[in-house]
Amino acid sequence: GADRAQKQVNVRIIAATNRELPDRIRDGQFREDLYHRLSTLRIHVPPLRERVDDLESIVEERVLRLREEGYSPHLGKDDFRAMRAYSWPGNVRQLIKVVDRAVMLDMPVHAVLA
């Protein structure tokens, strides 16, 4: 609220949502001025269920980290088959949690998804 600059800063804000903000603006649920300030660069990332080909690379990365933490992950073809068949409403976060749970509890992925 000062009438002169106190200190100059360089800031970048990264924001993400799973909502259609233009619809929210129209419904009066999101401020239009804030939308225009934030929407410099828009990147659309489809849900995981629409890009199941990414599953293996995401899981491979997670498995590497679990090995670094001292776990011995054993994921087979049946596990990947179960992952490909699942709809992933929680997207990548859910996938990582399922892999973690399966590895930590030494269970097959399909049992964790059940």
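Biologist: In this predicted model, where is Asp100 found, and why does Asp100 count as buried or exposed?

Modeller: Asp100 is found in helix H5. Buried means under 20% relative accessible area. Asp100 has a relative accessibility of 10%, and therefore counts as buried.

Biologist: Which residues does Asp100 touch, leaving aside those up to four places away in sequence?

Modeller: Asp100 touches Arg62 and Leu66. Both of these residues are among the buried residues of H3.

Biologist: Which other residues of H5 are buried, and what do the buried residues of H5 pack against?

Modeller: Besides Asp100, the buried residues of H5 are Gln94, Leu95, Val98, Val99, Ala102 and Val103. The buried residues of H5 pack against helix H3 (55-68), helix H4 (77-85) and helix H6 (109-113).

Biologist: How do you know that the span of H5 agrees with its number of residues?

Modeller: H5 has 14 residues, so at 1.5 Å a residue it should span 20 Å. The end C-alpha atoms of H5 are 20 Å apart, which agrees with that expectation. Just after H5, Asp106 takes a positive phi of about 50 degrees.

Biologist: How does H3 stand against the expected span?

Modeller: H3 has 14 residues and reaches 20 Å from its first C-alpha to its last, close to the 20 Å expected at 1.5 Å a residue. Just after H3, Gly70 takes a positive phi of about 100 degrees.

Biologist: What makes the buried residues of H3 a group on the same side of the helix?

Modeller: The buried residues of H3 are Leu55, Ile58, Val59, Arg62, Val63 and Leu66. They cover an arc of only 135 degrees around the axis, and therefore lie on the same side of H3. An α-helix has 3.6 residues a turn, so residues three or four places apart point the same way. The cover over the buried residues of H3 includes H4 and H5.

Biologist: How do you know that the buried residues of H4 lie on the same side of H4?

Modeller: In H4, the buried residues are Asp79, Phe80, Ala82 and Met83. Their arc around the axis is only 160 degrees, which puts them on the same side of H4. The face turned away from that buried side carries the exposed residues Lys77, Asp78, Arg81 and Ala85. Among the elements that cover the buried residues of H4 are H3, H5 and H6.

Biologist: Why is Ala111 called partly exposed?

Modeller: Ala111 lies in helix H6. Partly exposed residues fall between the 20% limit for buried and the 50% limit for exposed. Ala111 has 32% relative accessibility, so it counts as partly exposed. The C-alpha atoms of Ala111 and Lys7, 104 residues apart along the chain, are separated by 55 Å.

Biologist: What makes Glu50 an exposed residue?

Modeller: Glu50 lies in the loop between H2 and H3. Exposed means over 50% relative accessible area, and Glu50, at 58%, therefore counts as exposed. Glu50 and Asn91 are 41 residues apart along the chain, and their C-alpha atoms are separated by 10 Å.

Biologist: What lines the largest pocket, and how do the residues of its lining divide?

Modeller: The largest pocket holds about 1,300 Å³ of space. Its lining has 30 residues, of which Ala15, Ala16, Thr17, Asn18 and Ile43 lie nearest its centre. Helix H1 (21-26), helix H2 (32-38) and helix H5 (91-104) are the elements that give two or more residues to this lining. The residues of the lining divide into 16 nonpolar, 7 polar and 7 charged.

Terms used. Residues are numbered from 1 along each chain as its sequence is written. This is a predicted model: local features need pLDDT of at least 70, side-chain atom pairs count only at pLDDT 80 or more; totals for chains, interfaces and linings use all residues. Side-chain values use heavy atoms; hydrogens and water are left out. On a 1 Å grid over the protein atoms alone, a cavity is a set of points where a 1.4 Å probe fits but cannot get out, and a pocket is an open set with protein on both sides within 12 Å along at least five of seven lines; lining residues have an atom within 4 Å of a point. Grid points are joined across faces, edges and corners, and a volume is the space filled by probe spheres set on the points. Helices (H or I, at least four residues) and strands (E, at least two) are DSSP runs, numbered from the N terminus. Ala, Val, Leu, Ile, Met, Phe, Trp, Tyr, Cys and Pro count as nonpolar, Asp, Glu, Lys and Arg as charged, and the others, Gly among them, as polar. The expected span of a helix is 1.5 Å times one less than its number of residues. Buried means under 20% relative accessible area, exposed over 50%, partly exposed in between (1.4 Å probe, protein chains only). Contact means heavy atoms within 4.5 Å. The arc is that of the directions from the helix axis to the C-beta atoms.
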